[in-house]
Amino acid sequence: MTNASQKAADKKKILLNAFDMNSVGHINHGLWTHPRDESHRFNELNYWTDLAKTLEQGLFDGLFIADITGVYDVYQNGIDLTLKESIQLPSHDPSTLISAMAAVTQNLGFGVTVNLSYETPYQFARRFASLDHLTQGRIGWNIVTGYLDSAERLIGQKGLKDHDLRYEQAEEFLELCYKFWEGSWENDAIQKDKQKRIFTDPKKVHQINHHGRFYQSQGVFQVSPSPQRTPVLFQAGASPRGLAFSTRHAECVFIGGDQPAKIKQQVDKIRELAIQQGRDPQDIKIFVGITVVTAETDQLAQQKLAEYASYASPEAGLAHYSSSVGIDLSQYADDEAVPYRQTNSIASVNNKFKENKITPNDLKAQHQLGGRYPLIVGSGETIAEKLIQLLDETGINGFNLTRTVAPESHQDFIKWVIPQLQQRGRFKTQYENGTLRNKIFNQGDYLNQQHPASAFRCQNSKHNNSIEIDNLHPQTV
(Lines give C-alpha, C1' and ligand atoms only; values in the text may rest on other atoms or scores of the structure.)
Protein backbone atom coordinates (compact mmCIF):
# COMPACT_ATOMS: atom_id res chain seq x y z
CA MET A 1 0.00 0.00 0.00
CA THR A 2 1.36 3.42 -0.96
CA ASN A 3 1.60 6.27 1.53
CA ALA A 4 -1.27 8.06 -0.22
CA SER A 5 -3.54 5.03 -0.12
CA GLN A 6 -2.59 4.36 3.52
CA LYS A 7 -3.52 7.94 4.45
CA ALA A 8 -6.85 7.54 2.64
CA ALA A 9 -7.52 4.30 4.50
CA ASP A 10 -6.78 5.97 7.83
CA LYS A 11 -9.29 8.77 7.31
CA LYS A 12 -12.55 8.63 9.23
CA LYS A 13 -15.19 7.09 6.99
CA ILE A 14 -18.64 8.64 6.80
CA LEU A 15 -21.57 6.49 7.95
CA LEU A 16 -24.70 7.02 5.89
CA ASN A 17 -28.37 6.14 6.41
CA ALA A 18 -31.27 6.96 4.14
CA PHE A 19 -33.96 8.55 6.30
CA ASP A 20 -37.51 7.66 5.30
CA MET A 21 -40.97 6.76 6.55
CA ASN A 22 -43.73 4.38 5.46
CA SER A 23 -45.81 7.32 4.28
CA VAL A 24 -46.06 9.93 1.53
CA GLY A 25 -44.84 13.03 3.35
CA HIS A 26 -41.97 12.50 5.78
CA ILE A 27 -39.65 15.49 6.38
CA ASN A 28 -39.74 17.56 3.19
CA HIS A 29 -43.43 18.27 2.73
CA GLY A 30 -45.36 19.05 -0.42
CA LEU A 31 -42.92 17.36 -2.80
CA TRP A 32 -45.38 14.52 -3.35
CA THR A 33 -46.93 16.87 -5.93
CA HIS A 34 -43.76 16.86 -8.07
CA PRO A 35 -44.41 15.02 -11.37
CA ARG A 36 -41.43 12.70 -10.87
CA ASP A 37 -42.13 11.91 -7.22
CA GLU A 38 -43.31 8.36 -6.54
CA SER A 39 -43.88 8.53 -2.79
CA HIS A 40 -47.61 8.00 -3.38
CA ARG A 41 -46.58 4.38 -4.09
CA PHE A 42 -45.42 3.87 -0.50
CA ASN A 43 -48.12 1.19 -0.03
CA GLU A 44 -46.63 -0.92 -2.85
CA LEU A 45 -44.03 -3.48 -1.81
CA ASN A 46 -41.82 -3.06 -4.88
CA TYR A 47 -41.47 0.65 -4.08
CA TRP A 48 -39.55 -0.44 -0.98
CA THR A 49 -37.68 -3.40 -2.43
CA ASP A 50 -36.47 -1.21 -5.30
CA LEU A 51 -35.35 1.43 -2.79
CA ALA A 52 -33.48 -1.17 -0.73
CA LYS A 53 -31.64 -2.45 -3.80
CA THR A 54 -30.75 1.11 -4.84
CA LEU A 55 -29.38 1.95 -1.39
CA GLU A 56 -27.30 -1.23 -1.27
CA GLN A 57 -25.84 -0.45 -4.69
CA GLY A 58 -24.85 2.92 -3.23
CA LEU A 59 -23.28 1.21 -0.17
CA PHE A 60 -25.57 2.97 2.29
CA ASP A 61 -25.11 1.58 5.79
CA GLY A 62 -28.80 1.50 6.50
CA LEU A 63 -32.34 2.59 5.84
CA PHE A 64 -33.57 4.43 8.94
CA ILE A 65 -37.37 4.34 9.01
CA ALA A 66 -39.21 6.86 11.15
CA ASP A 67 -42.67 6.31 12.58
CA ILE A 68 -45.27 8.01 14.74
CA THR A 69 -48.32 6.84 16.63
CA GLY A 70 -51.02 9.46 16.24
CA VAL A 71 -51.54 12.39 13.90
CA TYR A 72 -50.38 16.00 13.65
CA ASP A 73 -53.43 17.90 14.87
CA VAL A 74 -51.95 20.92 16.65
CA TYR A 75 -51.71 23.36 13.72
CA GLN A 76 -55.04 25.19 13.27
CA ASN A 77 -56.37 22.80 15.92
CA GLY A 78 -57.16 20.09 13.40
CA ILE A 79 -55.95 17.77 10.66
CA ASP A 80 -57.27 19.39 7.47
CA LEU A 81 -53.83 20.50 6.26
CA THR A 82 -52.29 17.27 7.53
CA LEU A 83 -54.68 15.29 5.33
CA LYS A 84 -54.46 17.57 2.28
CA GLU A 85 -50.64 17.60 2.26
CA SER A 86 -50.24 14.03 3.56
CA ILE A 87 -48.09 15.12 6.49
CA GLN A 88 -47.20 11.62 7.69
CA LEU A 89 -50.86 10.68 7.21
CA PRO A 90 -51.64 8.08 6.04
CA SER A 91 -48.68 6.20 7.50
CA HIS A 92 -48.19 2.45 7.81
CA ASP A 93 -46.31 0.16 10.18
CA PRO A 94 -42.60 0.21 9.16
CA SER A 95 -41.76 -3.24 10.53
CA THR A 96 -43.97 -4.85 7.86
CA LEU A 97 -41.45 -3.80 5.19
CA ILE A 98 -38.30 -5.33 6.62
CA SER A 99 -38.45 -9.00 5.59
CA ALA A 100 -39.17 -8.12 1.95
CA MET A 101 -36.30 -5.62 1.77
CA ALA A 102 -33.95 -8.04 3.53
CA ALA A 103 -34.80 -10.70 0.96
CA VAL A 104 -33.48 -8.56 -1.93
CA THR A 105 -30.33 -7.32 -0.15
CA GLN A 106 -27.38 -8.84 1.69
CA ASN A 107 -25.73 -5.94 3.54
CA LEU A 108 -28.15 -3.04 4.01
CA GLY A 109 -29.17 -2.46 7.61
CA PHE A 110 -32.64 -1.46 8.78
CA GLY A 111 -33.28 0.91 11.68
CA VAL A 112 -36.96 0.76 12.65
CA THR A 113 -38.68 3.27 14.91
CA VAL A 114 -40.99 1.77 17.53
CA ASN A 115 -42.65 3.73 20.32
CA LEU A 116 -42.24 1.62 23.45
CA SER A 117 -45.00 3.50 25.27
CA TYR A 118 -47.59 1.59 23.27
CA GLU A 119 -45.91 -1.83 23.24
CA THR A 120 -45.52 -4.65 25.71
CA PRO A 121 -41.86 -5.60 26.17
CA TYR A 122 -42.39 -9.29 25.49
CA GLN A 123 -44.28 -8.98 22.21
CA PHE A 124 -41.90 -6.28 21.00
CA ALA A 125 -38.76 -8.24 21.95
CA ARG A 126 -40.12 -11.33 20.21
CA ARG A 127 -40.91 -9.42 17.02
CA PHE A 128 -37.46 -7.81 16.79
CA ALA A 129 -35.58 -10.99 17.66
CA SER A 130 -37.52 -12.67 14.86
CA LEU A 131 -36.55 -9.86 12.47
CA ASP A 132 -32.92 -10.18 13.54
CA HIS A 133 -33.04 -13.83 12.49
CA LEU A 134 -34.73 -13.14 9.16
CA THR A 135 -32.34 -10.29 8.26
CA GLN A 136 -29.32 -12.30 9.43
CA GLY A 137 -28.47 -9.66 11.98
CA ARG A 138 -29.25 -6.45 10.12
CA ILE A 139 -31.96 -4.98 12.34
CA GLY A 140 -31.81 -1.91 14.56
CA TRP A 141 -34.37 -0.28 16.85
CA ASN A 142 -34.88 3.46 17.10
CA ILE A 143 -36.18 3.90 20.65
CA VAL A 144 -38.84 6.57 21.09
CA THR A 145 -41.25 7.34 23.93
CA GLY A 146 -43.73 9.49 21.99
CA TYR A 147 -44.70 13.14 22.06
CA LEU A 148 -48.22 13.36 20.57
CA ASP A 149 -51.36 13.77 22.65
CA SER A 150 -53.29 12.40 19.68
CA ALA A 151 -51.52 9.07 20.15
CA GLU A 152 -52.64 8.86 23.77
CA ARG A 153 -56.25 9.46 22.79
CA LEU A 154 -56.01 6.79 20.09
CA ILE A 155 -55.03 4.13 22.62
CA GLY A 156 -57.59 5.25 25.18
CA GLN A 157 -55.46 7.39 27.50
CA LYS A 158 -56.22 10.94 28.60
CA GLY A 159 -52.89 12.49 27.67
CA LEU A 160 -49.14 12.13 27.56
CA LYS A 161 -47.33 10.97 30.64
CA ASP A 162 -44.84 13.43 32.06
CA HIS A 163 -41.69 13.65 29.91
CA ASP A 164 -39.33 12.24 32.55
CA LEU A 165 -41.81 9.56 33.63
CA ARG A 166 -41.85 8.28 30.04
CA TYR A 167 -38.09 7.77 30.30
CA GLU A 168 -38.42 5.96 33.63
CA GLN A 169 -40.79 3.55 31.95
CA ALA A 170 -38.39 3.26 29.01
CA GLU A 171 -35.54 2.25 31.35
CA GLU A 172 -37.56 -0.67 32.68
CA PHE A 173 -38.80 -1.60 29.20
CA LEU A 174 -35.20 -1.95 28.01
CA GLU A 175 -34.12 -3.86 31.10
CA LEU A 176 -36.82 -6.43 30.47
CA CYS A 177 -35.97 -6.66 26.77
CA TYR A 178 -32.31 -7.23 27.68
CA LYS A 179 -33.40 -10.09 29.93
CA PHE A 180 -35.28 -11.67 27.04
CA TRP A 181 -32.62 -11.10 24.39
CA GLU A 182 -29.51 -11.71 26.46
CA GLY A 183 -30.52 -13.83 29.44
CA SER A 184 -33.03 -16.51 28.52
CA TRP A 185 -31.02 -18.67 26.08
CA GLU A 186 -27.36 -19.62 26.19
CA ASN A 187 -25.44 -19.33 22.92
CA ASP A 188 -25.15 -23.08 22.44
CA ALA A 189 -28.67 -24.02 23.58
CA ILE A 190 -29.70 -25.04 20.05
CA GLN A 191 -28.31 -28.53 19.30
CA LYS A 192 -30.23 -29.70 16.19
CA ASP A 193 -29.16 -33.25 17.01
CA LYS A 194 -31.41 -35.59 15.01
CA GLN A 195 -29.66 -38.72 16.30
CA LYS A 196 -30.27 -37.91 19.98
CA ARG A 197 -33.61 -36.18 19.27
CA ILE A 198 -32.47 -33.01 20.98
CA PHE A 199 -33.25 -29.77 19.18
CA THR A 200 -32.65 -27.59 22.27
CA ASP A 201 -30.74 -28.49 25.44
CA PRO A 202 -33.22 -27.78 28.29
CA LYS A 203 -30.37 -27.01 30.71
CA LYS A 204 -29.33 -24.05 28.59
CA VAL A 205 -32.68 -22.25 28.52
CA HIS A 206 -33.62 -20.02 31.45
CA GLN A 207 -36.81 -18.56 32.82
CA ILE A 208 -37.17 -14.82 33.23
CA ASN A 209 -38.83 -13.52 36.39
CA HIS A 210 -39.32 -9.78 36.30
CA HIS A 211 -41.27 -7.84 38.92
CA GLY A 212 -41.03 -4.11 38.25
CA ARG A 213 -42.87 -0.85 38.62
CA PHE A 214 -44.32 -0.86 35.11
CA TYR A 215 -43.97 -4.45 33.91
CA GLN A 216 -44.30 -8.02 35.16
CA SER A 217 -43.08 -11.07 33.26
CA GLN A 218 -42.44 -14.72 34.01
CA GLY A 219 -41.43 -17.43 31.58
CA VAL A 220 -39.05 -18.42 28.81
CA PHE A 221 -38.39 -16.19 25.83
CA GLN A 222 -39.76 -17.94 22.74
CA VAL A 223 -37.03 -16.88 20.31
CA SER A 224 -33.64 -18.58 20.24
CA PRO A 225 -30.52 -16.35 20.17
CA SER A 226 -30.49 -14.22 17.03
CA PRO A 227 -27.29 -13.10 15.26
CA GLN A 228 -27.04 -9.87 17.28
CA ARG A 229 -29.24 -10.90 20.23
CA THR A 230 -30.03 -7.24 20.97
CA PRO A 231 -30.75 -5.14 17.85
CA VAL A 232 -28.53 -2.14 17.19
CA LEU A 233 -29.94 0.60 19.43
CA PHE A 234 -30.71 4.05 18.00
CA GLN A 235 -32.03 7.00 19.99
CA ALA A 236 -32.54 10.73 19.55
CA GLY A 237 -33.14 12.09 23.06
CA ALA A 238 -31.84 15.64 23.48
CA SER A 239 -33.40 16.78 26.77
CA PRO A 240 -31.29 16.24 29.92
CA ARG A 241 -33.32 13.11 30.71
CA GLY A 242 -33.22 11.99 27.10
CA LEU A 243 -29.45 12.44 26.91
CA ALA A 244 -28.94 10.46 30.11
CA PHE A 245 -31.01 7.67 28.59
CA SER A 246 -29.34 7.71 25.19
CA THR A 247 -25.78 7.82 26.52
CA ARG A 248 -26.58 4.85 28.75
CA HIS A 249 -28.26 2.67 26.11
CA ALA A 250 -27.86 3.94 22.55
CA GLU A 251 -25.20 2.86 20.09
CA CYS A 252 -26.25 5.38 17.44
CA VAL A 253 -27.54 8.81 18.44
CA PHE A 254 -29.46 11.03 16.03
CA ILE A 255 -29.09 14.78 16.62
CA GLY A 256 -30.30 17.91 14.87
CA GLY A 257 -28.44 21.10 14.15
CA ASP A 258 -27.28 23.40 11.38
CA GLN A 259 -24.38 25.37 12.90
CA PRO A 260 -21.11 23.40 13.21
CA ALA A 261 -20.25 25.00 16.54
CA LYS A 262 -23.58 23.97 18.09
CA ILE A 263 -23.34 20.48 16.63
CA LYS A 264 -19.86 20.11 18.12
CA GLN A 265 -21.18 21.19 21.53
CA GLN A 266 -23.81 18.44 21.35
CA VAL A 267 -21.24 15.87 20.25
CA ASP A 268 -18.83 16.79 23.03
CA LYS A 269 -21.62 16.63 25.60
CA ILE A 270 -22.74 13.19 24.39
CA ARG A 271 -19.18 11.85 24.51
CA GLU A 272 -18.65 13.23 28.02
CA LEU A 273 -21.92 11.77 29.29
CA ALA A 274 -20.97 8.41 27.79
CA ILE A 275 -17.76 8.45 29.83
CA GLN A 276 -19.78 9.27 32.96
CA GLN A 277 -21.96 6.24 32.18
CA GLY A 278 -18.85 4.06 32.15
CA ARG A 279 -18.83 3.64 28.38
CA ASP A 280 -16.20 4.30 25.74
CA PRO A 281 -17.33 7.54 24.01
CA GLN A 282 -16.47 6.00 20.65
CA ASP A 283 -19.04 3.27 21.30
CA ILE A 284 -21.64 5.84 20.27
CA LYS A 285 -21.92 6.86 16.63
CA ILE A 286 -23.56 10.25 16.12
CA PHE A 287 -25.68 11.11 13.07
CA VAL A 288 -27.01 14.48 11.87
CA GLY A 289 -30.09 14.79 9.67
CA ILE A 290 -29.52 16.55 6.34
CA THR A 291 -31.28 17.25 3.05
CA VAL A 292 -29.20 17.30 -0.13
CA VAL A 293 -30.02 18.56 -3.61
CA THR A 294 -27.27 17.65 -6.04
CA ALA A 295 -26.58 17.52 -9.79
CA GLU A 296 -23.65 17.49 -12.21
CA THR A 297 -22.73 21.12 -11.50
CA ASP A 298 -23.45 23.71 -8.81
CA GLN A 299 -25.57 25.69 -11.27
CA LEU A 300 -27.68 22.69 -12.22
CA ALA A 301 -28.14 21.85 -8.54
CA GLN A 302 -29.43 25.37 -7.86
CA GLN A 303 -31.84 25.03 -10.78
CA LYS A 304 -33.06 21.73 -9.38
CA LEU A 305 -33.56 23.34 -5.97
CA ALA A 306 -35.70 26.09 -7.52
CA GLU A 307 -37.73 23.45 -9.34
CA TYR A 308 -38.26 21.43 -6.16
CA ALA A 309 -39.10 24.52 -4.11
CA SER A 310 -41.93 25.39 -6.51
CA TYR A 311 -43.69 22.18 -5.40
CA ALA A 312 -42.78 22.23 -1.70
CA SER A 313 -45.10 23.41 1.08
CA PRO A 314 -43.44 25.50 3.80
CA GLU A 315 -46.81 25.75 5.57
CA ALA A 316 -47.01 21.95 5.77
CA GLY A 317 -43.56 22.05 7.32
CA LEU A 318 -44.89 24.58 9.83
CA ALA A 319 -47.79 22.26 10.67
CA HIS A 320 -45.37 19.39 11.29
CA TYR A 321 -43.25 21.70 13.43
CA SER A 322 -46.30 22.73 15.46
CA SER A 323 -46.87 19.17 16.61
CA SER A 324 -43.16 18.68 17.29
CA VAL A 325 -43.24 21.52 19.80
CA GLY A 326 -46.86 21.17 20.93
CA ILE A 327 -47.71 24.78 19.99
CA ASP A 328 -50.21 25.93 17.34
CA LEU A 329 -47.98 28.23 15.31
CA SER A 330 -50.92 29.39 13.17
CA GLN A 331 -52.03 31.66 16.02
CA TYR A 332 -49.03 33.95 15.54
CA ALA A 333 -48.57 36.62 12.88
CA ASP A 334 -45.89 35.88 10.30
CA ASP A 335 -43.50 38.43 11.81
CA GLU A 336 -44.40 37.79 15.48
CA ALA A 337 -41.82 36.12 17.72
CA VAL A 338 -43.10 32.82 19.06
CA PRO A 339 -42.81 32.82 22.87
CA TYR A 340 -41.24 29.85 24.62
CA ARG A 341 -43.59 27.69 26.60
CA GLN A 342 -42.74 24.39 28.21
CA THR A 343 -44.60 21.44 26.70
CA ASN A 344 -44.41 17.65 26.81
CA SER A 345 -43.26 17.47 23.19
CA ILE A 346 -39.77 17.38 21.63
CA ALA A 347 -37.62 19.34 24.05
CA SER A 348 -34.69 19.95 21.70
CA VAL A 349 -36.96 21.56 19.09
CA ASN A 350 -39.03 23.54 21.59
CA ASN A 351 -35.94 24.95 23.33
CA LYS A 352 -35.08 26.92 20.19
CA PHE A 353 -37.84 29.39 21.11
CA LYS A 354 -36.12 29.91 24.44
CA GLU A 355 -32.71 30.48 22.86
CA ASN A 356 -33.66 32.62 19.84
CA LYS A 357 -36.27 35.06 18.58
CA ILE A 358 -38.09 32.99 15.94
CA THR A 359 -41.11 34.03 13.86
CA PRO A 360 -43.36 31.93 11.60
CA ASN A 361 -41.70 33.68 8.65
CA ASP A 362 -38.31 32.47 9.89
CA LEU A 363 -39.63 28.93 10.08
CA LYS A 364 -41.21 29.10 6.62
CA ALA A 365 -37.88 30.29 5.18
CA GLN A 366 -36.16 27.42 6.95
CA HIS A 367 -38.78 25.07 5.50
CA GLN A 368 -37.95 26.03 1.91
CA LEU A 369 -38.43 22.40 0.90
CA GLY A 370 -41.06 21.78 3.54
CA GLY A 371 -38.55 20.34 6.05
CA ARG A 372 -36.42 21.74 8.84
CA TYR A 373 -33.16 19.83 8.34
CA PRO A 374 -30.04 21.60 7.04
CA LEU A 375 -30.19 21.93 3.26
CA ILE A 376 -26.97 21.40 1.30
CA VAL A 377 -27.01 22.20 -2.41
CA GLY A 378 -24.35 21.73 -5.08
CA SER A 379 -22.43 19.40 -7.33
CA GLY A 380 -21.20 16.07 -6.05
CA GLU A 381 -17.80 17.61 -5.41
CA THR A 382 -19.29 20.54 -3.49
CA ILE A 383 -21.53 18.30 -1.39
CA ALA A 384 -18.69 15.89 -0.60
CA GLU A 385 -16.42 18.69 0.58
CA LYS A 386 -19.15 20.18 2.78
CA LEU A 387 -20.01 16.83 4.37
CA ILE A 388 -16.36 16.06 5.07
CA GLN A 389 -15.85 19.50 6.57
CA LEU A 390 -18.91 19.14 8.79
CA LEU A 391 -17.78 15.70 9.94
CA ASP A 392 -14.24 16.84 10.73
CA GLU A 393 -15.26 20.07 12.46
CA THR A 394 -17.92 18.55 14.71
CA GLY A 395 -16.81 14.99 15.49
CA ILE A 396 -20.00 13.40 14.23
CA ASN A 397 -19.82 10.00 12.51
CA GLY A 398 -22.35 10.29 9.73
CA PHE A 399 -25.62 11.51 8.29
CA ASN A 400 -29.28 10.58 8.02
CA LEU A 401 -30.15 11.66 4.48
CA THR A 402 -33.77 12.69 3.96
CA ARG A 403 -35.53 12.23 0.63
CA THR A 404 -36.87 15.10 -1.43
CA VAL A 405 -38.27 13.81 -4.74
CA ALA A 406 -38.45 10.03 -4.46
CA PRO A 407 -36.61 8.03 -5.60
CA GLU A 408 -34.47 10.38 -7.67
CA SER A 409 -32.93 12.26 -4.74
CA HIS A 410 -31.21 9.09 -3.45
CA GLN A 411 -30.26 8.10 -6.99
CA ASP A 412 -28.71 11.56 -7.50
CA PHE A 413 -26.75 11.28 -4.26
CA ILE A 414 -25.39 7.87 -5.28
CA LYS A 415 -24.51 9.11 -8.78
CA TRP A 416 -22.90 12.42 -7.90
CA VAL A 417 -21.82 12.44 -4.23
CA ILE A 418 -20.76 8.88 -3.30
CA PRO A 419 -17.96 8.69 -5.93
CA GLN A 420 -16.55 12.02 -4.72
CA LEU A 421 -16.52 10.81 -1.12
CA GLN A 422 -14.83 7.58 -2.18
CA GLN A 423 -12.17 9.42 -4.18
CA ARG A 424 -11.31 11.34 -1.02
CA GLY A 425 -11.08 8.14 1.01
CA ARG A 426 -14.05 9.12 3.17
CA PHE A 427 -16.60 6.49 2.19
CA LYS A 428 -16.29 2.74 1.89
CA THR A 429 -15.89 0.98 -1.44
CA GLN A 430 -17.31 -2.30 -0.13
CA TYR A 431 -19.27 -3.53 2.88
CA GLU A 432 -17.68 -5.11 5.94
CA ASN A 433 -18.70 -8.65 6.76
CA GLY A 434 -21.12 -9.70 9.48
CA THR A 435 -24.06 -8.12 11.23
CA LEU A 436 -25.15 -4.49 11.20
CA ARG A 437 -23.40 -3.99 14.54
CA ASN A 438 -20.14 -5.40 13.23
CA LYS A 439 -20.40 -3.34 10.05
CA ILE A 440 -20.77 -0.14 12.08
CA PHE A 441 -18.30 -0.83 14.90
CA ASN A 442 -16.08 -3.66 13.58
CA GLN A 443 -16.06 -5.20 17.07
CA GLY A 444 -18.26 -8.26 16.66
CA ASP A 445 -21.94 -9.05 16.58
CA TYR A 446 -22.92 -8.52 20.23
CA LEU A 447 -23.09 -5.52 22.55
CA ASN A 448 -19.77 -5.15 24.36
CA GLN A 449 -19.17 -5.64 28.08
CA GLN A 450 -19.40 -1.90 28.82
CA HIS A 451 -23.02 -1.78 27.70
CA PRO A 452 -25.64 -2.23 30.48
CA ALA A 453 -27.22 -5.13 28.57
CA SER A 454 -24.16 -7.26 29.35
CA ALA A 455 -25.27 -7.47 32.99
CA PHE A 456 -28.24 -9.57 31.94
CA ARG A 457 -26.43 -12.26 29.99
CA CYS A 458 -26.81 -15.86 31.13
CA GLN A 459 -23.35 -16.19 32.56
CA ASN A 460 -23.84 -13.05 34.70
CA SER A 461 -27.37 -13.69 35.90
CA LYS A 462 -26.59 -15.58 39.13
CA HIS A 463 -24.26 -12.82 40.28
CA ASN A 464 -26.41 -9.82 39.46
CA ASN A 465 -28.91 -8.75 42.10
CA SER A 466 -30.85 -6.55 39.65
CA ILE A 467 -32.12 -9.52 37.68
CA GLU A 468 -33.78 -12.79 38.61
CA ILE A 469 -33.37 -15.56 36.06
CA ASP A 470 -34.31 -19.08 37.12
CA ASN A 471 -33.14 -22.18 35.29
CA LEU A 472 -35.92 -24.37 33.96
CA HIS A 473 -34.46 -27.10 36.16
CA PRO A 474 -34.28 -25.51 39.64
CA GLN A 475 -32.28 -28.42 41.00
CA THR A 476 -29.35 -27.38 38.78
CA VAL A 477 -29.27 -23.76 39.98
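Reader: By class, which residues make up the lining of the second largest pocket?
Author: Here Ala, Val, Leu, Ile, Met, Phe, Trp, Tyr, Cys and Pro count as nonpolar; Asp, Glu, Lys and Arg are charged; the others, Gly among them, are polar. On a 1 Å grid over the protein atoms alone, a pocket is an open set of points with protein on both sides within 12 Å along at least five of seven lines, and lining residues have an atom within 4 Å of a point. The lining of the second largest pocket divides into six nonpolar, six polar and nine charged residues.

Reader: What kind of model is this, and what pLDDT do local features need?
Author: Residues are numbered from 1 along each chain as its sequence is written, and side-chain values use heavy atoms, with hydrogens and water left out. The model is predicted: totals for chains, interfaces and linings use all residues, side-chain atom pairs count only at pLDDT 80 or more, and local features need pLDDT of at least 70.

Reader: How much space lies in the second largest pocket?
Author: Its 21 lining residues include Lys-13, Leu-15, Glu-432, Lys-439 and Ile-440, the closest to its centre. A volume is the space filled by probe spheres set on the grid points, which are joined across faces, edges and corners. For this pocket the value is about 520 Å³.

Reader: Which helix gives the most to the lining of that second largest pocket?
Author: Helices (H or I, at least four residues) and strands (E, at least two) are DSSP runs, numbered from the N terminus. The top contributor supplies three residues and covers 436–441. That is helix α17.

Reader: What volume has the largest cavity?
Author: A cavity is a set of grid points where a 1.4 Å probe fits but cannot get out. Five cavities reach 30 Å³ or more. The largest cavity has a volume of about 70 Å³.

Reader: Which residues are closest to the centre of the largest cavity?
Author: Its lining holds eight nonpolar, four polar and one charged residue. Of the 13 lining residues, the closest to the centre are Asn-17, Gly-62, Phe-234, Leu-436 and Ile-440.

Reader: Why is α11 largely enclosed by the rest of the structure?
Author: Helix α11 spans residues 314–325 and reaches 16 Å from its first C-alpha to its last, close to the 16 Å expected. The expected span is 1.5 Å times one less than the number of residues. Buried means under 20% relative accessible area, exposed over 50%, partly exposed in between (1.4 Å probe, protein chains only). The helix is largely enclosed because the buried count in α11 is ten of twelve residues.

Reader: How many residues of α7 are buried?
Author: The end C-alpha atoms of helix α7 (residues 163–183) are 30 Å apart, which agrees with the 30 Å its length should span. The helix is mostly covered. The buried count is 17 of 21 residues.

Reader: With which side chain does the side chain of Thr-291 make a polar contact?
Author: Thr-291 is in strand β11 (residues 285–295), and its 1% relative accessibility makes it buried. A polar contact is a pair of N or O atoms within 3.5 Å; within protein, one must be able to donate a hydrogen and the other to accept it, and residues adjacent in sequence count only if both atoms are side-chain atoms. At 2.6 Å, the partner is Thr-402.

Reader: Which residues is Thr-105 in contact with, leaving aside its neighbours within four places in sequence?
Author: Thr-105 is in the loop between α4 (98–103) and β3 (109–115). Its side chain reaches the backbone oxygen of Met-101 at 2.8 Å and makes a polar contact with the side chain of Arg-138 at 2.9 Å. Contact means heavy atoms within 4.5 Å. By that rule the residues are Ala-52, Lys-53, Glu-56, Phe-110 and Arg-138.

Reader: Is the peptide bond from Ala-406 to Pro-407 cis or trans?
Author: Pro-407 is in the loop between β13 (398–402) and α16 (408–423). Omega of the bond from Ala-406 is near 0°. The bond is cis.

Reader: Is Lys-192 buried or exposed?
Author: Lys-192 is in strand β5 (residues 190–193). Its phi is positive, about 55°, although it is not a glycine. With a relative accessible area of 60%, Lys-192 is exposed.
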